[in-house]
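Work through the exercises below with the model open beside you. Try each task before you read its solution.

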Amino acid sequence: MAHSRTRLVFLFPALLPAMAQGQAVLPEGDGMELIQGACVACHDVSLITNSTGYTHERWDYVVKTMIDLPDTMAADVNQYLASNFPQSYQRRPTLVEGDFEVTFQEWLVPTLGQRPRDPLQTPDGMIWWAGMYGSIVGRIDPRTGEMTEFMLDPTARPHSIINDVAGNIWYTGNGNATIGKLEPDTGEITVYPMPDPAARDPHTPIFTRNGDLWFTLQNSNMIGRLVVDTGDIRLATMPTENARPYGIKEDSRGMIWIANRGSNKITSVDPDSWEFREYETPMPEARVGAYIRRLAITSDDMIWYADSGRGYLGRLDPDTGEVREWPSPSGPQSHPYAIEVVDDKIWYNESNQRPDALVRFDPETEQFQSWAIPSGIGIIRHMRASPDGNLVIHQSSTNTVGLVYIPGS
């Protein structure tokens, strides 16, 4: 079913979910109960107490992108937040100046609180996104701003989407262990359940050049392949325990590459033999976790990764196994996350900074340049090149999707 709407979310304190009990505590004050009723219904209190804090005007913006409150309630909420959590500069990004210029355009999605993520642009110019918390697949025409939302099974909780050559949008049902296909013209949805109950959480999909859909299952520690013509699904467990496969890409030779959030390894998979090969990235003794979430591949088939746990941009040479790394401009706590290649330049974000920073790296000169993302409060969890050479981004916390216009695209 397709339609556009804005959801009003408000729970009175008496309806506060049990999950909020025993967690971070808000300071006493006028407006505290409103915060507990309106905000904790959707997310933990710690997202407020651990925030960097904002001005009154910025809190007003943040709240409006999450929930639609009556004016009097909104005023009380914003006053409480600004008084108790004022602006802090502790996580300001270290922005690197340069001669390259980009332009940002962002749109607020219709249904608030859905946490849009993993957007892409199809050849017809439409931008699509997965509204994970709302079980939505959304679409915007950037030329007109018109938006449409397709409602999925409420248990689907789509983690990511990918388009096929016919114009269908495929999503990973992270919440109900399915892969789904949406036909935009009719709104018809076809669902493919996982054949193994241990395969609980389809995560990120790609289409390979032969038309098969490959996908990761992070917490199940598996990867999978769906043959579109037959609906057949094959699954395989990762060779390293608790590797937590996350991002997935295909190189020019047809090899599948996997980023492992739970290990310091990048894994290749031969799609014909299903043979795995693992490549280790640096892991100092003091390191806790690996957190390689996403990969990108340049035209020379070099594998680029964002090491969130250590704050590095890395490059793996698959032929030699050699790894090179560069510290991200904002340092070891910058938490690089999403990563993409446009014109053989590397783009990624520093997700632990406020505002979230977009970073460009030129492999030829080894020079960085970075920009603050205008909305800057959410997190880019996945970014992708558009068909015309721009970048499609999002800010999940503030419910926006956007385009970064790159000169020469």
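A crossing is left-handed if the near helix is turned anticlockwise from the far one by less than a right angle, and right-handed if clockwise. Helices (H or I, at least four residues) and strands (E, at least two) are DSSP runs, numbered from the N terminus. This is a predicted model, where local features need pLDDT of at least 70, side-chain atom pairs count only at pLDDT 80 or more, and totals for chains, interfaces and linings use all residues. Residues are numbered from 1 along each chain as its sequence is written, and side-chain values use heavy atoms, with hydrogens and water left out.

**Exercise 1. Describe how α3 and α4 cross, and name the residues that make the contact.**

Step 1. Take the axes, which are lines fitted to C-alpha atoms, for helices over the stretch in contact; angles run from 0 to 180 degrees between N-to-C directions. The axes of α3 and α4 come within 9 Å and cross at roughly 125°.

Step 2. Classify the angle. Under 35 degrees counts as roughly parallel, over 145 as roughly antiparallel, 65 to 115 as roughly perpendicular, and the rest as oblique. The pair α3 and α4 is therefore oblique.

Step 3. The crossing of α3 and α4 is right-handed.

Step 4. List the contacts (heavy atoms within 4.5 Å). From α3 come H56, W59, D60 and V63; from α4 come V77, N78, Q79, L81 and A82.

**Exercise 2. Which residues of α3 are buried, and which are exposed on the other side?**

Step 1. Find the buried residues. In α3 these are W59, V62, V63 and T65. They sit on the same side of α3, because they cover an arc of only 160° around the axis. The arc is that of the directions from the helix axis to the C-beta atoms.

Step 2. Turn to the other side of α3. E57 and K64 are exposed there.

Step 3. Ask what the buried residues of α3 pack against. The partners are α4 and β2 (103-108).

**Exercise 3. Find the residues that touch the most other members of the largest nonpolar core.**

Step 1. Define the core: a set of buried Ala, Val, Leu, Ile, Met, Phe, Trp, Tyr and Cys residues joined through side-chain atoms within 4.5 Å.

Step 2. Read off the members. The largest nonpolar core has 22 residues, and L26, I35 and L81 touch the most other members.

Step 3. See which helices contribute. α1 (32-38), α3 (56-66) and α4 (71-84) each supply at least two residues. α4 gives the most, with five.

Step 4. Look at L81. Leaving aside neighbours within four places in sequence, L81 contacts I35, I48, W59, V63 and P86.

Step 5. Recall the general rule. In soluble globular proteins, nonpolar side chains tend to be buried together.

**Exercise 4. Is T172 buried or exposed? Where is E322?**

Step 1. Locate T172. The residue lies in strand β8 (residues 169-173). T172 counts as buried, because its relative accessibility is 0%.

Step 2. Locate E322. The residue is in the loop between β21 (312-316) and β22 (323-327). At 46% relative accessibility, E322 counts as partly exposed.

Step 3. List its contacts. Not counting residues up to four places away in sequence, E322 touches R315, L316 and D317.

Methods. Buried < 20%, exposed > 50% of the residue type's maximum accessible area, 1.4 Å probe, protein only.
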